[in-house]
Amino acid sequence: MIVFLFAILSAIYDKGKRFTNHLPRFIFRAIVVLVISYFSEGNFFINFAQNTAIFYLLFDYTLNMLEGRKWNYIGNTAIHDIIWSKYLGGWMPQLIFKLIFLTITIYLK
């Protein structure tokens, strides 16, 4: 639940801003997810994987909707967005990956 809220708040914070370097925010958010996972009950590694999957699934789509774009829009600045768009088939394979990633972490937990 905390990661869900953190993903939504992160999208709200990023709304309307344009970043050319995503690394500082990525590191900060990874550390926050890591800390949340550490203090959650259960296996740390499974918690971290599941919390990462939740954040990854929610953040991009929430930000897209907040900014009035199509929910499945993939940007062209972040490295992972470029890879998804150019080499991995776009939004549909990305969504399938996110759902499978989350499903596997739920099953492992």
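Helices are DSSP runs of H or I at least four residues long, numbered from the N terminus. In this predicted model, Pro24 lies in one such run, helix α2. Helix α2 covers residues 23-38. Pro24 has a relative accessible area of 49%. Leu108 is 84 residues away from Pro24 in sequence. In space, the two C-alpha atoms are 30 Å apart.

Helix α2 packs with helix α1, which spans residues 2-14. The axes of α1 and α2 come within 11 Å. They cross at roughly 160°. Angles over 145 degrees count as roughly antiparallel, and α1 is therefore roughly antiparallel to α2. The crossing of α1 with α2 is right-handed. On the α1 side, the contact involves Ile2, Val3, Phe6, Ser10, Tyr13 and Asp14. Their counterparts in α2 are Arg25, Phe28, Arg29, Val32, Val33 and Ile36. By class, eight of the residues in this contact are nonpolar, one is polar and three are charged.

Helix α2 also packs with helix α3, residues 44-66. Here the axes are 8 Å apart, and the angle is about 135°. This angle makes α2 and α3 oblique to each other. The crossing of α2 and α3 is right-handed. From α2, the residues in contact are Arg29, Ala30, Val33, Leu34, Ile36, Ser37 and Tyr38. In α3 they meet Phe44, Asn47, Phe48, Asn51, Thr52, Phe55 and Phe59. Nine of the residues in the contact of α2 with α3 are nonpolar, four are polar and one is charged.

Asp14 belongs to helix α1 and has a relative accessible area of 2%. Asp14 is therefore buried, the limit for that class being under 20%. The side chain of Asp14 makes a polar contact of 2.9 Å with the side chain of Arg29. Beyond residues up to four places away in sequence, Asp14 touches Phe19, Arg25, Arg29, Phe59, Leu63 and Glu67.

Apart from neighbours within four places in sequence, Ser10 is in contact with Arg29, Phe55 and Phe59. Ser10 and Phe55 are 45 residues apart in sequence. Their C-alpha atoms are 9.5 Å apart in space. Arg29 and Phe59 also feature among the contacts of Asp14.

Ile8 is a further residue of helix α1. Its relative accessibility is 22%, and Ile8 therefore counts as partly exposed. Ile8 and Phe44 are separated by 36 residues in sequence. From C-alpha to C-alpha, Ile8 and Phe44 are 23 Å apart.

Definitions and conventions: Residues are numbered from 1 along each chain as its sequence is written. This is a predicted model: local features need pLDDT of at least 70, side-chain atom pairs count only at pLDDT 80 or more; totals for chains, interfaces and linings use all residues. Side-chain values use heavy atoms; hydrogens and water are left out. Axes are lines fitted to C-alpha atoms, for helices over the stretch in contact, and angles run from 0 to 180 degrees between N-to-C directions. Helices (H or I, at least four residues) and strands (E, at least two) are DSSP runs, numbered from the N terminus. Angles under 35 degrees count as roughly parallel, over 145 as roughly antiparallel, 65 to 115 as roughly perpendicular and the rest as oblique. A crossing is left-handed if the near helix is turned anticlockwise from the far one by less than a right angle, and right-handed if clockwise. Contact means heavy atoms within 4.5 Å. Ala, Val, Leu, Ile, Met, Phe, Trp, Tyr, Cys and Pro count as nonpolar, Asp, Glu, Lys and Arg as charged, and the others, Gly among them, as polar. Buried means under 20% relative accessible area, exposed over 50%, partly exposed in between (1.4 Å probe, protein chains only). A polar contact is a pair of N or O atoms within 3.5 Å; within protein, one must be able to donate a hydrogen and the other to accept it, and residues adjacent in sequence count only if both atoms are side-chain atoms.
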